[in-house]
Amino acid sequence: MTGPDLLPPPGTLDDALDQVRTVADAVLFEGYVLYPYRASSAKNQMRWQFGVLVPPACTAQGGEYAEQRTDILLEPRTADRLHAELRFLHVRRRTVERLDLDGTYTEVPELELPDRVLVPWDEGHEERIRLHAPLAELTGEQAHTRTVTFDLPPAVEHEPVRDAEGLILGRLVRRRARLTGEVRPGIEQLPGPYRVSRLTVTVHNTTDAPAGDRTTALPHSMIGAHLLLAVQGGRFLSMTDPPEWARPAVAELRNDRTWPVLAGPADREDLVLSSPIILEDHPVLADESPGPLYDATEIDEILSLRTAALTEREKREARGTDDRAAEVIDLVDSMPEAVRERLHGAIRGLREVTGEEQPAAGEPVAGLTLPEGTGHPWWDPQQDPEAADAPTTIPIDGEAVGQGSRVLLTPGARRTDAQDTFLRGCRATVEAVVADLDGELHLAVVLDDDPGTDIRRQQGRFLYFKPDEVAPLKELREEEP
């Protein structure tokens, strides 16, 4: 694709986008190849878990969708252009062929080499679709003219496989299926005293492919699809921590199968990463991470130790599975002990040193013991002398909510724990009102329909919600004797 509207943004903005891309890579390649990094591993039979946009005809199969939508509030200020970049992986189906004595090639299940074992595999090739458009042309009837369409035609590539002496032993055949799509931006200025607009960017898979199962749909799909957005001179408003005046407008935004967060350095508000994985504003990679291990649900230290324990045969299979898997094996094999030790853990913040005398060895530390028979959690703010005093009840919607109150859980966008989405609408009983070391109040609750409630009460294993994340169940109180 060519043309001035698809050129990358110039100067410092492009540099900042490069920094955001390093974080976005963790989204793009999440689950790309899982430990033990071999194609034969059961875990690698179900890949591409996030941000999969399939052809429209395939949406009835497997619960996937053909489009995603990003909504975010924008204060244009002095900005006059939107820079957007869609990134995704495009599957390339790889097969392995052996060179026969008569000069022909025969497809085989594996081709064994001294350093690796080549096997069939679905590789992911990164694609980027860029948009560079004046904001004035994204409003009203003009918006449709800025839609970017793209067509990635089918293709077949051959790569010779050679031995140490350079003799050809076979070849890898990569087949790419057709993939078409569009990126459709639009801006609507919202009514009110504030000069704020709603930016909407939708991504559609428009591939004309026959209906089929997930395996059939993947070669025609966008995988790990996410957006980078930038408005130099403008300001995006956080979805999770917007200004008070913008909260009603934020509540009306619609984000389908993606979630936008402020990106780049903490002092920038002109960059957004909209990804299928929920992140916090200004996400960063851990300094201790030695490189991509493609499994963010695991711990780098555990993955590295397990990978180092693979047999030589298993490592050869991993190297033959994918170039990225080979890089993981090489990374772990060459990892210095000092780097490995850094993976054991890190302290991100320390409390101010007060000069108070430390307890002697063997002396109990306040707040870290479990008082017998009290049912308090392992750290109990009410038993910690440094914790702020907490009231016995909190007023919520005109009701005094405290121990024994029945509530409805209503966690909102501010909480980014994905598990909380499953608790929304559940009924719970308040066990205590507690205050943390910063003086903020929380409600400790147990779920009413949790069969392990008695054990959780005994152990003090509660769920904690802020007052604005619950609603009193008045009708239950009236019905109960």
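**Exercise 1. Which residue has its charged end over the ring of Tyr105?**

Solution. Start with the ground rules: this is a predicted model, where local features need pLDDT of at least 70, side-chain atom pairs count only at pLDDT 80 or more, and totals for chains, interfaces and linings use all residues. Residues are numbered from 1 along each chain as its sequence is written, and side-chain values use heavy atoms, with hydrogens and water left out.

Step 1: know the test. A charge sits over a ring if NZ of Lys or CZ of Arg is within 6 Å of the ring centre and within 35 degrees of the ring normal.

Step 2: look at Tyr105. The residue you want is Arg171, whose charged end is 4.0 Å from the ring centre.

Step 3: Over the face of Tyr32 you'll find Arg324, 4.9 Å from the ring centre.

**Exercise 2. Work out how Tyr194 and Trp245 are arranged.**

Solution. Rings of Phe, Tyr and Trp (its six-membered ring) pair if their centres lie within 6.5 Å; planes under 30 degrees apart count as stacked, over 60 as edge-to-face and the rest as tilted.

Step 1: count. There are seven aromatic pairs in the structure. One of them is Tyr35 with Tyr37: the centres are 6.2 Å apart and the planes stand at 90 degrees, so this pair is edge-to-face.

Step 2: now your pair. Tyr194 and Trp245 are stacked, with 4.0 Å from centre to centre and 20 degrees between the planes. Tyr194 is in the loop between β10 (179-189) and β11, while Trp245 is in the loop between β13 and α3 (247-251), so the pair ties together parts 51 residues apart in sequence. (Helices, H or I with at least four residues, and strands, E with at least two, are DSSP runs numbered from the N terminus.)

Step 3: check exposure. Buried means under 20% relative accessible area, exposed over 50%, and partly exposed in between (1.4 Å probe, protein chains only). Tyr194, at 39%, is partly exposed, and so is Trp245, at 30%. Tyr35 and Tyr37, by contrast, are both buried.

**Exercise 3. Find the partners of strand β1 (residues 67-75).**

Solution. Step 1: two strands pair if DSSP finds at least two bridges between them.

Step 1: β1 runs antiparallel to β11 (residues 197-205) over eight bridges, and here Asp71 stands opposite Thr200.

Step 2: β1 also pairs with β13 (residues 235-236), again antiparallel, over two bridges. There, Glu75 faces Arg235.

Step 3: eight of the nine β1 residues are buried, so the strand is largely enclosed by the rest of the structure.
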